[in-house]
Amino acid sequence: MPRFRHILDTMAAYKPGKAVAAPDGRSYKLSSNESPYDPLPSVVEAIAEGARQVNRYPDPGAVALTEAVAERFGVPASHVALGAGSVTVAQQLFETVGEPGVEVVYAWRSFEAYPLLADLAGVTSVRVPLDDERHDLDAMAEAINDSTRMVFVCNPNNPTGTTVRRRELEAFLDRVPEHVLVVLDEAYHEYVRDDEVPDGLTLYRDRPNVCVLRTFSKAYGLAGLRVGYVIGHEPVATAVRKTTIPFAVNHLAQVAAIASLAAEDELLERVDRVVKERTRVREALVSQGWTVPPTEANFVWLRLGERTLDFAAACAVEGVAVRPFAGEGARISIGDPEANDAFLAAAASFAK
Ligand SMILES: *Cc1c(COP(=O)(O)O)cnc(C)c1O
(Lines give C-alpha, C1' and ligand atoms only; values in the text may rest on other atoms or scores of the structure.)
Protein backbone atom coordinates (compact mmCIF):
# COMPACT_ATOMS: atom_id res chain seq x y z
CA MET A 1 0.00 0.00 0.00
CA PRO A 2 1.27 3.48 -0.78
CA ARG A 3 1.57 5.61 2.34
CA PHE A 4 -0.75 8.57 2.49
CA ARG A 5 -1.04 11.52 4.85
CA HIS A 6 -2.57 10.52 8.19
CA ILE A 7 -5.11 13.31 7.97
CA LEU A 8 -6.84 11.52 5.06
CA ASP A 9 -7.91 8.70 7.42
CA THR A 10 -9.88 11.06 9.61
CA MET A 11 -11.31 13.42 7.01
CA ALA A 12 -15.01 13.19 6.26
CA ALA A 13 -15.59 13.40 2.51
CA TYR A 14 -17.59 16.35 1.17
CA LYS A 15 -21.18 15.22 0.67
CA PRO A 16 -22.70 16.92 -2.35
CA GLY A 17 -26.45 17.54 -2.43
CA LYS A 18 -28.23 14.57 -3.99
CA ALA A 19 -31.21 14.39 -6.31
CA VAL A 20 -34.17 12.22 -5.31
CA ALA A 21 -37.41 11.24 -7.08
CA ALA A 22 -40.93 10.51 -5.81
CA PRO A 23 -42.59 7.21 -6.87
CA ASP A 24 -44.45 9.17 -9.56
CA GLY A 25 -41.18 10.59 -10.89
CA ARG A 26 -41.46 14.14 -9.50
CA SER A 27 -38.03 15.44 -8.53
CA TYR A 28 -37.10 18.76 -6.91
CA LYS A 29 -33.48 19.46 -6.03
CA LEU A 30 -33.46 21.81 -3.05
CA SER A 31 -30.19 20.51 -1.64
CA SER A 32 -27.43 22.63 -3.19
CA ASN A 33 -28.59 26.28 -3.14
CA GLU A 34 -28.46 26.47 -6.92
CA SER A 35 -30.39 28.92 -9.06
CA PRO A 36 -33.64 27.24 -10.12
CA TYR A 37 -33.55 29.07 -13.47
CA ASP A 38 -32.13 27.88 -16.77
CA PRO A 39 -29.14 29.88 -17.98
CA LEU A 40 -30.05 33.08 -19.83
CA PRO A 41 -30.04 32.79 -23.65
CA SER A 42 -27.26 35.39 -23.87
CA VAL A 43 -25.10 33.32 -21.53
CA VAL A 44 -25.80 30.08 -23.41
CA GLU A 45 -24.82 31.90 -26.59
CA ALA A 46 -21.52 33.04 -25.09
CA ILE A 47 -20.78 29.48 -23.98
CA ALA A 48 -21.66 28.07 -27.43
CA GLU A 49 -19.43 30.64 -29.10
CA GLY A 50 -16.66 29.92 -26.59
CA ALA A 51 -16.91 26.21 -27.32
CA ARG A 52 -15.26 26.90 -30.70
CA GLN A 53 -11.98 27.75 -28.96
CA VAL A 54 -11.63 24.87 -26.52
CA ASN A 55 -8.76 23.31 -28.44
CA ARG A 56 -6.75 26.24 -27.04
CA TYR A 57 -5.78 26.78 -23.41
CA PRO A 58 -7.78 29.47 -21.66
CA ASP A 59 -6.28 32.88 -20.92
CA PRO A 60 -4.16 31.94 -17.88
CA GLY A 61 -4.55 35.38 -16.34
CA ALA A 62 -8.29 35.55 -17.13
CA VAL A 63 -7.55 39.19 -17.94
CA ALA A 64 -10.91 40.12 -19.47
CA LEU A 65 -12.92 38.59 -16.63
CA THR A 66 -10.64 40.06 -13.97
CA GLU A 67 -11.12 43.49 -15.53
CA ALA A 68 -14.88 43.00 -15.82
CA VAL A 69 -15.13 42.09 -12.12
CA ALA A 70 -12.90 45.01 -11.14
CA GLU A 71 -14.96 47.43 -13.20
CA ARG A 72 -18.26 46.08 -11.89
CA PHE A 73 -17.24 46.58 -8.25
CA GLY A 74 -15.09 49.68 -8.68
CA VAL A 75 -11.88 48.09 -7.44
CA PRO A 76 -8.43 47.88 -9.03
CA ALA A 77 -7.89 44.74 -11.12
CA SER A 78 -4.85 44.05 -8.92
CA HIS A 79 -7.28 43.45 -6.03
CA VAL A 80 -9.11 40.60 -7.82
CA ALA A 81 -8.03 36.95 -7.86
CA LEU A 82 -10.17 34.36 -9.65
CA GLY A 83 -10.50 30.65 -9.07
CA ALA A 84 -12.44 27.60 -10.21
CA GLY A 85 -15.37 28.31 -7.92
CA SER A 86 -15.04 30.20 -4.67
CA VAL A 87 -14.43 26.90 -2.88
CA THR A 88 -11.20 26.69 -4.85
CA VAL A 89 -10.39 30.29 -3.98
CA ALA A 90 -11.04 29.40 -0.33
CA GLN A 91 -8.68 26.44 -0.72
CA GLN A 92 -6.07 28.81 -2.14
CA LEU A 93 -6.56 31.13 0.83
CA PHE A 94 -5.90 28.19 3.15
CA GLU A 95 -2.76 27.44 1.15
CA THR A 96 -1.54 31.02 1.49
CA VAL A 97 -1.52 30.76 5.30
CA GLY A 98 -1.24 27.02 5.90
CA GLU A 99 1.70 25.40 7.61
CA PRO A 100 2.00 23.21 10.71
CA GLY A 101 0.94 24.95 13.90
CA VAL A 102 -1.26 27.52 12.18
CA GLU A 103 -4.85 27.95 13.39
CA VAL A 104 -7.85 29.04 11.35
CA VAL A 105 -10.98 30.21 13.17
CA TYR A 106 -14.51 29.82 11.84
CA ALA A 107 -18.04 29.50 13.17
CA TRP A 108 -19.66 26.10 13.42
CA ARG A 109 -21.89 25.00 11.94
CA SER A 110 -20.94 26.92 8.85
CA PHE A 111 -19.87 26.05 5.32
CA GLU A 112 -18.87 22.42 5.35
CA ALA A 113 -15.90 22.96 3.04
CA TYR A 114 -13.98 24.87 5.74
CA PRO A 115 -12.96 21.86 7.86
CA LEU A 116 -11.99 19.85 4.77
CA LEU A 117 -9.85 22.66 3.39
CA ALA A 118 -8.25 23.21 6.79
CA ASP A 119 -7.36 19.52 7.06
CA LEU A 120 -5.94 19.46 3.54
CA ALA A 121 -3.87 22.57 4.21
CA GLY A 122 -2.48 20.99 7.37
CA VAL A 123 -3.79 23.73 9.64
CA THR A 124 -5.75 23.41 12.86
CA SER A 125 -9.47 24.23 12.75
CA VAL A 126 -10.79 26.28 15.65
CA ARG A 127 -14.57 26.01 15.50
CA VAL A 128 -16.58 28.54 17.46
CA PRO A 129 -20.16 27.36 18.10
CA LEU A 130 -23.01 29.43 16.73
CA ASP A 131 -25.05 31.33 19.29
CA ASP A 132 -28.75 31.04 18.54
CA GLU A 133 -27.88 30.08 14.91
CA ARG A 134 -25.70 33.19 14.46
CA HIS A 135 -21.94 33.80 14.44
CA ASP A 136 -20.72 34.53 17.96
CA LEU A 137 -18.25 37.25 17.00
CA ASP A 138 -17.15 37.92 20.58
CA ALA A 139 -16.23 34.28 21.08
CA MET A 140 -14.53 34.26 17.68
CA ALA A 141 -12.42 37.29 18.61
CA GLU A 142 -11.48 35.56 21.85
CA ALA A 143 -10.46 32.43 19.95
CA ILE A 144 -7.76 34.37 18.08
CA ASN A 145 -4.23 33.89 19.41
CA ASP A 146 -0.64 34.11 18.19
CA SER A 147 -1.09 31.00 16.05
CA THR A 148 -4.15 32.34 14.24
CA ARG A 149 -3.59 33.39 10.65
CA MET A 150 -7.09 33.43 9.18
CA VAL A 151 -10.73 33.82 10.23
CA PHE A 152 -13.76 33.03 8.08
CA VAL A 153 -17.01 34.94 8.54
CA CYS A 154 -19.73 33.44 6.37
CA ASN A 155 -22.32 36.18 5.83
CA PRO A 156 -25.11 35.10 5.35
CA ASN A 157 -24.13 31.87 7.04
CA ASN A 158 -24.49 28.57 5.22
CA PRO A 159 -26.53 26.57 6.37
CA THR A 160 -28.47 28.75 8.84
CA GLY A 161 -29.09 31.80 6.59
CA THR A 162 -28.38 34.15 9.49
CA THR A 163 -26.26 37.27 9.16
CA VAL A 164 -23.88 39.49 11.06
CA ARG A 165 -24.65 43.18 10.89
CA ARG A 166 -22.44 46.16 10.11
CA ARG A 167 -21.89 47.44 13.64
CA GLU A 168 -21.01 44.11 15.19
CA LEU A 169 -18.81 43.15 12.24
CA GLU A 170 -16.91 46.43 12.39
CA ALA A 171 -16.43 46.05 16.13
CA PHE A 172 -15.12 42.52 15.49
CA LEU A 173 -12.76 43.65 12.73
CA ASP A 174 -11.40 46.32 15.08
CA ARG A 175 -10.45 43.55 17.50
CA VAL A 176 -8.70 41.28 14.97
CA PRO A 177 -4.91 41.76 14.88
CA GLU A 178 -3.65 43.13 11.56
CA HIS A 179 -1.62 40.01 10.78
CA VAL A 180 -4.76 37.85 10.77
CA LEU A 181 -6.56 37.61 7.43
CA VAL A 182 -10.35 37.93 7.71
CA VAL A 183 -12.26 36.31 4.86
CA LEU A 184 -15.83 37.53 4.46
CA ASP A 185 -17.47 34.67 2.58
CA GLU A 186 -20.35 36.37 0.77
CA ALA A 187 -21.54 33.57 -1.52
CA TYR A 188 -25.14 34.69 -0.92
CA HIS A 189 -24.60 38.45 -0.85
CA GLU A 190 -27.01 39.15 -3.73
CA TYR A 191 -29.91 37.68 -1.73
CA VAL A 192 -29.44 40.03 1.24
CA ARG A 193 -32.27 42.55 1.75
CA ASP A 194 -31.46 43.68 5.31
CA ASP A 195 -29.85 47.14 5.06
CA GLU A 196 -27.92 46.52 8.26
CA VAL A 197 -25.97 43.68 6.67
CA PRO A 198 -22.82 45.21 5.23
CA ASP A 199 -21.44 44.77 1.75
CA GLY A 200 -17.96 43.42 2.52
CA LEU A 201 -16.56 45.52 -0.29
CA THR A 202 -17.25 48.64 1.78
CA LEU A 203 -15.33 47.13 4.70
CA TYR A 204 -12.22 45.83 2.95
CA ARG A 205 -11.16 49.16 1.44
CA ASP A 206 -9.40 50.61 4.46
CA ARG A 207 -8.60 47.25 6.06
CA PRO A 208 -5.63 45.51 4.42
CA ASN A 209 -6.31 42.27 6.33
CA VAL A 210 -9.91 41.90 5.11
CA CYS A 211 -10.97 40.24 1.87
CA VAL A 212 -14.28 39.29 0.29
CA LEU A 213 -15.10 35.95 -1.32
CA ARG A 214 -17.81 35.92 -3.99
CA THR A 215 -19.08 33.42 -6.53
CA PHE A 216 -20.85 33.13 -9.87
CA SER A 217 -22.43 29.85 -8.71
CA LYS A 218 -25.48 31.07 -6.83
CA ALA A 219 -27.21 34.31 -7.88
CA TYR A 220 -25.49 34.29 -11.28
CA GLY A 221 -26.53 30.71 -11.97
CA LEU A 222 -23.17 29.30 -13.12
CA ALA A 223 -22.64 26.55 -10.52
CA GLY A 224 -21.79 24.02 -13.23
CA LEU A 225 -18.98 26.10 -14.70
CA ARG A 226 -16.96 26.79 -11.53
CA VAL A 227 -15.87 30.37 -11.19
CA GLY A 228 -15.47 32.55 -8.12
CA TYR A 229 -13.15 35.26 -6.87
CA VAL A 230 -11.68 37.08 -3.94
CA ILE A 231 -11.34 40.83 -3.66
CA GLY A 232 -8.65 42.00 -1.29
CA HIS A 233 -5.67 44.31 -1.14
CA GLU A 234 -2.74 43.60 -3.40
CA PRO A 235 -0.70 41.43 -1.01
CA VAL A 236 -3.74 39.20 -0.48
CA ALA A 237 -4.69 38.94 -4.16
CA THR A 238 -1.05 38.37 -5.11
CA ALA A 239 -0.65 35.58 -2.56
CA VAL A 240 -3.80 33.89 -3.82
CA ARG A 241 -2.63 34.12 -7.44
CA LYS A 242 0.63 32.39 -6.46
CA THR A 243 -1.38 29.36 -5.33
CA THR A 244 -3.36 29.12 -8.58
CA ILE A 245 -2.99 25.96 -10.63
CA PRO A 246 -2.24 27.14 -14.18
CA PHE A 247 -5.40 27.57 -16.31
CA ALA A 248 -7.68 26.92 -13.32
CA VAL A 249 -10.60 28.95 -14.67
CA ASN A 250 -11.58 27.40 -17.98
CA HIS A 251 -12.47 29.35 -21.11
CA LEU A 252 -16.22 28.63 -20.98
CA ALA A 253 -16.37 29.76 -17.36
CA GLN A 254 -14.54 32.97 -18.28
CA VAL A 255 -16.83 33.88 -21.17
CA ALA A 256 -19.99 32.86 -19.30
CA ALA A 257 -19.04 34.96 -16.28
CA ILE A 258 -18.38 37.99 -18.50
CA ALA A 259 -21.75 37.47 -20.23
CA SER A 260 -23.41 37.16 -16.80
CA LEU A 261 -22.00 40.46 -15.62
CA ALA A 262 -23.34 42.01 -18.83
CA ALA A 263 -26.78 40.50 -18.11
CA GLU A 264 -26.71 41.33 -14.42
CA ASP A 265 -30.03 43.20 -14.39
CA GLU A 266 -31.86 40.14 -15.68
CA LEU A 267 -30.09 37.86 -13.21
CA LEU A 268 -30.76 40.12 -10.25
CA GLU A 269 -34.42 40.28 -11.24
CA ARG A 270 -34.44 36.50 -10.83
CA VAL A 271 -32.81 36.90 -7.43
CA ASP A 272 -35.72 39.19 -6.50
CA ARG A 273 -38.14 36.41 -7.38
CA VAL A 274 -36.23 33.95 -5.20
CA VAL A 275 -36.28 36.47 -2.34
CA LYS A 276 -40.08 36.76 -2.68
CA GLU A 277 -40.37 32.99 -2.59
CA ARG A 278 -38.06 32.91 0.43
CA THR A 279 -40.49 35.15 2.31
CA ARG A 280 -43.45 33.01 1.26
CA VAL A 281 -41.74 29.74 2.22
CA ARG A 282 -40.56 31.01 5.59
CA GLU A 283 -43.96 32.45 6.47
CA ALA A 284 -45.69 29.23 5.46
CA LEU A 285 -43.30 27.20 7.62
CA VAL A 286 -43.82 29.50 10.58
CA SER A 287 -47.59 29.17 10.22
CA GLN A 288 -47.13 25.38 10.16
CA GLY A 289 -45.53 25.77 13.57
CA TRP A 290 -41.85 25.51 12.62
CA THR A 291 -39.12 27.64 14.13
CA VAL A 292 -37.19 29.13 11.20
CA PRO A 293 -34.28 31.51 11.74
CA PRO A 294 -34.63 34.71 9.69
CA THR A 295 -32.74 34.04 6.47
CA GLU A 296 -31.03 36.43 4.05
CA ALA A 297 -29.85 33.65 1.73
CA ASN A 298 -31.58 31.43 -0.84
CA PHE A 299 -32.35 28.72 1.71
CA VAL A 300 -34.04 28.11 5.05
CA TRP A 301 -32.76 26.16 8.04
CA LEU A 302 -34.74 23.84 10.28
CA ARG A 303 -33.09 22.65 13.47
CA LEU A 304 -34.51 19.14 13.66
CA GLY A 305 -31.96 17.46 15.91
CA GLU A 306 -32.47 13.70 16.03
CA ARG A 307 -35.38 13.94 13.57
CA THR A 308 -33.20 15.35 10.78
CA LEU A 309 -32.69 12.20 8.73
CA ASP A 310 -36.35 11.18 9.12
CA PHE A 311 -37.35 14.60 7.84
CA ALA A 312 -35.04 14.30 4.83
CA ALA A 313 -36.46 10.84 4.09
CA ALA A 314 -40.03 12.16 4.32
CA CYS A 315 -39.14 14.95 1.87
CA ALA A 316 -37.47 12.45 -0.47
CA VAL A 317 -40.69 10.41 -0.68
CA GLU A 318 -42.31 13.57 -2.06
CA GLY A 319 -39.46 13.98 -4.54
CA VAL A 320 -37.84 16.82 -2.60
CA ALA A 321 -34.09 16.62 -1.96
CA VAL A 322 -32.99 18.68 1.03
CA ARG A 323 -29.58 18.90 2.69
CA PRO A 324 -29.58 17.09 6.03
CA PHE A 325 -26.85 17.39 8.67
CA ALA A 326 -27.48 14.34 10.84
CA GLY A 327 -28.37 15.16 14.44
CA GLU A 328 -28.47 18.89 13.70
CA GLY A 329 -30.88 20.07 11.07
CA ALA A 330 -31.76 20.44 7.41
CA ARG A 331 -31.09 23.18 4.92
CA ILE A 332 -33.67 23.63 2.18
CA SER A 333 -32.91 25.75 -0.87
CA ILE A 334 -35.54 28.09 -2.25
CA GLY A 335 -36.53 26.83 -5.68
CA ASP A 336 -39.28 27.74 -8.10
CA PRO A 337 -42.85 27.98 -6.73
CA GLU A 338 -43.74 24.41 -7.70
CA ALA A 339 -40.70 22.96 -5.93
CA ASN A 340 -41.32 25.14 -2.89
CA ASP A 341 -44.95 23.99 -2.74
CA ALA A 342 -43.82 20.36 -2.88
CA PHE A 343 -41.45 21.03 0.00
CA LEU A 344 -44.08 22.89 2.04
CA ALA A 345 -46.50 19.98 1.59
CA ALA A 346 -43.86 17.53 2.82
CA ALA A 347 -43.04 19.77 5.79
CA ALA A 348 -46.72 20.13 6.68
CA SER A 349 -47.35 16.40 6.77
CA PHE A 350 -44.15 15.80 8.77
CA ALA A 351 -45.16 18.30 11.42
CA LYS A 352 -48.44 16.51 11.99
C1 LIG B 1 -21.89 27.76 -2.38
C2 LIG B 1 -20.89 28.39 -1.48
C3 LIG B 1 -19.66 28.80 -1.95
C4 LIG B 1 -19.27 28.77 -3.37
O5 LIG B 1 -19.18 27.77 -4.07
P6 LIG B 1 -18.49 27.75 -5.50
O7 LIG B 1 -19.52 27.06 -6.32
O8 LIG B 1 -17.26 26.97 -5.30
O9 LIG B 1 -18.22 29.13 -5.93
C10 LIG B 1 -18.78 29.45 -1.12
N11 LIG B 1 -19.09 29.66 0.15
C12 LIG B 1 -20.26 29.28 0.65
C13 LIG B 1 -20.57 29.59 2.05
C14 LIG B 1 -21.19 28.62 -0.14
O15 LIG B 1 -22.34 28.24 0.38
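Student: E264: buried or exposed?
Tutor: Buried, with a relative accessible area of 9%. Buried means under 20% relative accessible area, exposed over 50%, and partly exposed in between (1.4 Å probe, protein chains only).

Student: Where does E264 sit?
Tutor: In helix α11, residues 264-287. Helices (H or I, at least four residues) and strands (E, at least two) are DSSP runs, numbered from the N terminus.

Student: What does E264 touch?
Tutor: R72 and Y220, leaving out residues up to four places away in sequence. Contact means heavy atoms within 4.5 Å.

Student: What are the ground rules here?
Tutor: This is a predicted model, with residues numbered from 1 along each chain as its sequence is written. Local features need pLDDT of at least 70, side-chain atom pairs count only at pLDDT 80 or more, totals for chains, interfaces and linings use all residues, and side-chain values use heavy atoms, with hydrogens and water left out.

Student: Next, D185. Which element is D185 in?
Tutor: Strand β6, residues 181-185.

Student: What is the nearest side chain of opposite charge to D185?
Tutor: K218, at 7.3 Å. D185 is buried yet has no salt bridge. The salt-bridge rule is a side-chain nitrogen of Lys or Arg within 4 Å of a carboxyl oxygen of Asp or Glu. For charge, Lys and Arg count as positive and Asp and Glu as negative; His and the chain ends are not counted.

Student: Which side chain makes a polar contact with D185?
Tutor: Y114, at 2.7 Å. A polar contact is a pair of N or O atoms within 3.5 Å; within protein, one must be able to donate a hydrogen and the other to accept it, and residues adjacent in sequence count only if both atoms are side-chain atoms. Beyond four places in sequence, D185 touches residues including F111, F152 and L213.

Student: How many salt bridges by the rule?
Tutor: The count comes to 21. E99 and R149 make one of them, at 2.9 Å, N to O. E99 lies in the loop between α4 and β3 and R149 in strand β5, so the pair ties together parts that are 50 residues apart in sequence. E99 is partly exposed at 37%, and R149 is partly exposed at 32%.

Student: What does D138 pair with?
Tutor: R175, with the closest N and O atoms 3.1 Å apart. D138 is in helix α6 (residues 137-142) and R175 in helix α7, so this pair joins parts 37 residues apart in sequence. R175 is partly exposed at 45% relative accessibility.

Student: Switching to backbone. Where are the cis peptide bonds?
Tutor: One joins W108 and R109, with omega about 10°. R109 is in the loop between β3 (103-108) and α5 (113-121). Another runs from N155 to P156, with omega near -5°. P156 is in the loop between β5 (148-154) and α7 (166-175).

Student: How much space is in the largest pocket?
Tutor: About 500 Å³. On a 1 Å grid over the protein atoms alone, a cavity is a set of points where a 1.4 Å probe fits but cannot get out, and a pocket is an open set with protein on both sides within 12 Å along at least five of seven lines; lining residues have an atom within 4 Å of a point. Grid points are joined across faces, edges and corners, and a volume is the space filled by probe spheres set on the points.

Student: Which residues lie nearest the centre of that pocket?
Tutor: Y14, V87, F111, K218 and R226, out of 27 lining residues. The largest share of the lining, three residues, comes from α5.

Student: How many cavities of 30 Å³ or more are there?
Tutor: One in the whole structure. The largest cavity holds about 50 Å³. Its lining includes S35, Y37, Y220 and R270.
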